Every structure is written in C-alpha cells, then in structure tokens.
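Welcome! Take a moment to look over the sequence and the 3D view before you read on.

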Amino acid sequence: MTTLFYYLLLISTKIITLSAECGFFERPPNQNGCIKPKWSQQGITVAGDGTEGNSNVQISHPFCIFLDQNDDLTNNIVIDTKHFYPGSLYPDKQGNIFVLQLSDGGFGAPWQLMKYSTTTSEKTPFAVKLDNPNGLFVDECGTVYTANALGTTGGTIQKIVNVSDAKGIILVGDLNEPSNVTLDRYGNVYFVERGKYRIQRMSVRDGRVETVVDKQGVIVYGTEYWNDPQYIAFDSKHNLYVSDYKNYRVQKFLFEGGDLYC
C-alpha cells in the first residue's frame, strides 16, 4: 500500500482550555459590565512567504497548527502512515493522540475518531460514523469538539463527551464548510468557517455566534484575504493563529483587548 505523507506546521502556545464537565473552565469575575473581546482584522504572517516551496522561508499547504507553552515556532513534522487515511489530529497533555481517520482506509468510507495512547500503545474508537469531520480540539478532560463540513449550508460544530456518546451534541449548525475549532479558557468556542473566510465565536454565556475575524474578499495570492483557511489556535496572550492553506502561510491576529468571558 502506498505510504501517505502529511506535513503539519507546529506553532506553540499554552493550551489551558478545559471541559465544563470537569469544572475547570475559569469562572468569569462577578461584575455587572464587561467589554467584548476584539482582535485585529489585519493578519501578520508568521510562517511562509505566500509562495509554495521548500526553502527556509516557504511552507507548502499548511494545515494543522498547534501551540506549546513557549509560544515559539517549531519545525515541521511528518506523519507517515500505511494503514489508514488520516485527516486531522490533536495531541493532548495526557499523552494521547486523537486522530480523525477513514474507518476502512479508503476514500468515501465513514469517518471515525480514534484515540491512541503513546504510553500504553492502546487505541480506542472514540466516535464512529462522523459526518465529514475536518478539524478537532480536545480539552484536558477528554471532551472532543469537531468541525464537520457538510456542503455550503449543513456544516456543524459538534461536542463529543465520551465513547458512549458516539454522535455527540451539535453546538452550532447551518455553517459553510467549518474546518477547525478551538476553545478559550472560559469555554467559548471559536471556529473557522472556511466557506465564508471568517472566524466565528460562540459565547458560552448565551450561545450567541459572532464574527471575530472576517477576511472575505477577492481571492488573490499574497493579499490580505485568505485562500482556504484551515486551522485555528490561540497563544498564551489570546492572539489567534490561522493556517491559510492555499496562500502558503500562517497568520497571527493580535488580541486588541476586552474580556474573553464577555
């Protein structure tokens, strides 16, 4: 069987997001007023130069991005697999790697979410028959959030608590090709709506969905607009990072202030 290679650009941040079921989300302070959080609409390119290639300043189709405690850029890593077709993956702090993969190794097969332990070598089916999942986030309690692209109107953000909860709970629906999801320390949900070139935020307070970064526009290589945005991640200062797949770059959007819990 042909070996498949997947390149993942690693950018690092301290991920402090935790599951509400565990009770580790930070509690908002007791106060009457708050200021909506705001991010810059002008991205700063932190990886790649907008052209495809293998030089030290180029990257080729960046997809998954992760962040460690140092907020430093690291080298690309390679996943080499012969036995399944992998989609997205997410490494948690307990030594597990969650992988979205086709269940029988072939295109068109149902997707499943597998949990691989790097300490015991066990693998556990976490969810099966998922509907075209693109990206995922796993909190420190093992709760999984997936972005599922179902055409231009049927995409969803889904929450899966445990193995017995195979299909999970739909948090947001009717999305245009959502590609990835992450959470902040208060439990607010952020996701890339790939088909509309924007980052959306679902408030944990009231469930309201709002746009926090909007890069819709004429798609021209090397411009400020995105061309196939894929993954999203936070650094420790609440700046947002987005992998701009067909513009061969990763961009950073500075946190300009406000209260994340608002």
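Which hand does the link of Cys34 and Cys262 have about the S-S bond? With 65° about that bond, the link of Cys34 and Cys262 is right-handed. Before we go further, note that this is a predicted model, in which local features need pLDDT of at least 70, side-chain atom pairs count only at pLDDT 80 or more, and totals for chains, interfaces and linings use all residues. Residues are numbered from 1 along each chain as its sequence is written, and side-chain values use heavy atoms, with hydrogens and water left out.

**The disulfide**

- The structure holds 1 disulfide, a term for a pair of cysteine sulfur atoms within 2.5 Å.
- Cys34 and Cys262 form this link, and their sulfur atoms are 2.1 Å apart.
- The strands named here (E, at least two residues), like helices (H or I, at least four), are DSSP runs, numbered from the N terminus.
- Cys34 counts as partly exposed because its relative accessibility is 29%, whereas Cys262 is buried at 7%.
- For these words, buried means under 20% relative accessible area, exposed means over 50%, and partly exposed lies in between (1.4 Å probe, protein chains only).

**Salt bridges**

- Side chains of opposite charge can pair when their charged atoms come close.
- A salt bridge here is a side-chain nitrogen of Lys or Arg within 4 Å of a carboxyl oxygen of Asp or Glu, and by this rule the count comes to 6.
- One of them joins Glu177 and Arg194, with the closest N and O atoms 3.9 Å apart.
- That pair links distant parts of the chain, 17 residues apart: Glu177 is in the loop between β12 (169–175) and β13 (178–183), and Arg194 is in the loop between β14 (189–193) and β15 (198–202).
- Arg194 also forms a salt bridge with Asp228, where the closest N and O atoms are 2.5 Å apart.
- Asp228 lies in the loop between β16 (209–214) and β17 (229–234) and Arg194 in the loop between β14 and β15, so this pair ties together parts that are 34 residues apart in sequence.
- Glu177, Arg194 and Asp228 are therefore linked in a network of salt bridges.
- Glu177 is partly exposed at 25% relative accessibility, Arg194 is partly exposed at 25%, and Asp228 is buried at 7%.
- Another salt bridge joins Arg249 and Asp244, with the closest N and O atoms 2.8 Å apart.
- Arg249 is buried, with a relative accessible area of 5%, and Asp244 is buried at 0%.

- In strand β19 (residues 249–253), 5 of the 5 residues are buried, so the strand is largely enclosed by the rest of the structure.
- Arg249, Gln251 and Phe253 point one way from β19, while Val250 and Lys252 point the other way, and all are buried.
- Two strands pair if DSSP finds at least two bridges between them.
- β19 pairs with strand β3 (residues 44–47) in the antiparallel sense over 3 bridges, and the bridge partner of Ile44 in β19 is Lys252.
- Strand β18 (residues 240–244) also runs antiparallel to β19, joined by 5 bridges, and Leu240 stands opposite Phe253.
- β18 and β19 form a hairpin with 4 residues between them, and Tyr248 in the turn has a positive phi of about 55°.
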